[in-house]
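Please brief me on this protein chain. Start with the overall fold, then move to strands, selected residues and backbone geometry.

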Amino acid sequence: MNYRFSGKSGLQLPQVSLGLWHNFGSEDPFDVARDMLLHAWDQGITHFDIANNYGPVPGSAEITFGRVLREDLATHRDEMIVSSKAGYWMWDGPYGNGGSRKYLISSCDQSLRRTGLEYFDIFYSHRYDPDTPIEETMQALVDIVRSGKALYVGISNYPADKQKECYDYLHAAHVPCVISQYKASIICPETLQNNLPVATENGSGFICYSPLAQGLLTDRYLHGIPAGSRASKNVFLHPDQVTDETVARAQRLGAIAAQRGQSLAQMAISWLLAQDVTSVIVGASSVKQLQDNIRAIDNILFTQEELLAIERDK
């Protein structure tokens, strides 16, 4: 595994990070989740990305991670980066969602209890909340660091103009934004065009999630919607997104990947790393799938012809 500095900070992250958005909740087999976490660690993945609402049930991915850390990796705590977030719905009532100081600090405390950690390495504001002043949200992050509950702060899913406001506030408070997290892929490159330059100009690292577009950039949907897939369950990927045009695009991109000696999924991850992002967050449902994704780092160099061919199919 290779590591990259996160923006202008001294913090290094692995090129591939493991996300616990799916398949690590209380409704998933614990042994499978444990095997994936331990395999990721053995392969040099030192960054584990969680959020307060990851599951299902919301919160249970943090519990799963905490149990594996406690039972298998406790002696390695100082060798890893653990991040969590708050911003989306977590509990009922006016204080369980958004960007208020009340929600962020309460949520951070709850997440620490679920994971069993004394602090997070990175704590994020998970989304921009138009109903809360940015100053309130950012000051909550500053105070989370100053209280010892996190070492660094990050932002996720903020529009570019608000993103810059966050950087300015945090910089003035001497708690710079070390990382910015956005959805990005070959077929969803807008954040690379709109948000990555803002992050780079302001010294923040940039980490991408959903690099495989919820499975569209794999071979899973090349012949229809299989039973048990996210599209079949209408969860995070809707059946109407698996169009003939989307499948044809995936097939063309798959042909380019095959010429590179990669699967479509591997090329999709490699392509993001070639955009000079800090890290790419991958998910997985098995150790085999995880290992296949990790192998993307074996070839992140692209010829000009390959890049032009991919550009035509973006």
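The briefing below goes from the whole chain to single residues.

This is a predicted model, in which local features need pLDDT of at least 70, side-chain atom pairs count only at pLDDT 80 or more, and totals for chains, interfaces and linings use all residues. Residues are numbered from 1 along each chain as its sequence is written, and side-chain values use heavy atoms, with hydrogens and water left out.

**Overall fold**

- The protein chain holds 12 helices and 10 strands. These are DSSP runs numbered from the N terminus: helices are H or I of at least four residues, strands are E of at least two.
- The C-alpha trace spans about 50 × 40 × 35 Å along its principal axes.
- Of the 314 residues, 54% count as buried. Buried means under 20% relative accessible area, exposed over 50%, and partly exposed in between (1.4 Å probe, protein chains only).
- Among contacts between residues at least 6 apart in sequence, 73% join residues at least 24 apart. A contact means heavy atoms within 4.5 Å.

**Surface and charge**

- The chain exposes about 13600 Å², and carbon and sulfur atoms supply 50% of it. Accessible areas come from the Shrake-Rupley method with a 1.4 Å probe; for residues, only the protein chains shown count as cover.
- There are 27 positive and 36 negative side chains, and the centres of the two sets lie 1 Å apart. Lys and Arg count as positive, Asp and Glu as negative; His and the chain ends are not counted. Each charge is placed at NZ of Lys, CZ of Arg, CG of Asp or CD of Glu.

**Strands**

- Strand β3 (residues 16-19) is covered on both faces. Val 16 and Leu 18 are buried on one side, Ser 17 and Gly 19 on the other.
- β3 pairs in the parallel sense with β10 (residues 279-282) over three bridges. Pairing requires at least two bridges found by DSSP. Val 16 has Val 280 as its bridge partner in β10.
- β3 also pairs in the parallel sense with β4 (residues 47-49), over two bridges. Here Leu 18 is partnered by Phe 48.
- Strand β8 (residues 177-183) has six of its seven residues buried. Four bridges join it to β7 (residues 150-156), and the two run parallel. Cys 177 in β8 is the bridge partner of Val 153.

**Two buried residues**

- Val 175 sits in the loop between α5 (160-172) and β8. Its relative accessibility is 8%, so it counts as buried.
- Beyond residues up to four places away in sequence, Val 175 touches Val 142, Val 145, Arg 146, Val 153 and Leu 170.
- Thr 64 belongs to helix α2 (residues 60-72) and is buried at 8% relative accessibility. With the sequence neighbours up to four places away left out, Thr 64 touches Phe 24, Gly 25, Phe 30 and Ala 33.

**Backbone geometry**

- Most residues other than glycine have a negative phi, and most peptide bonds are trans.
- A cis peptide bond joins Gly 55 and Pro 56, with omega about -10°. Another cis bond joins Pro 56 and Val 57, with omega about 0°.
- Asn 157 has a positive phi of about 65°. Asn 157 lies in the loop between β7 and α5 and is partly exposed at 22%.
- Gln 214 has a positive phi of about 55°. Gln 214 lies in the loop between β9 (205-209) and α8 (230-233) and is buried at 11%.
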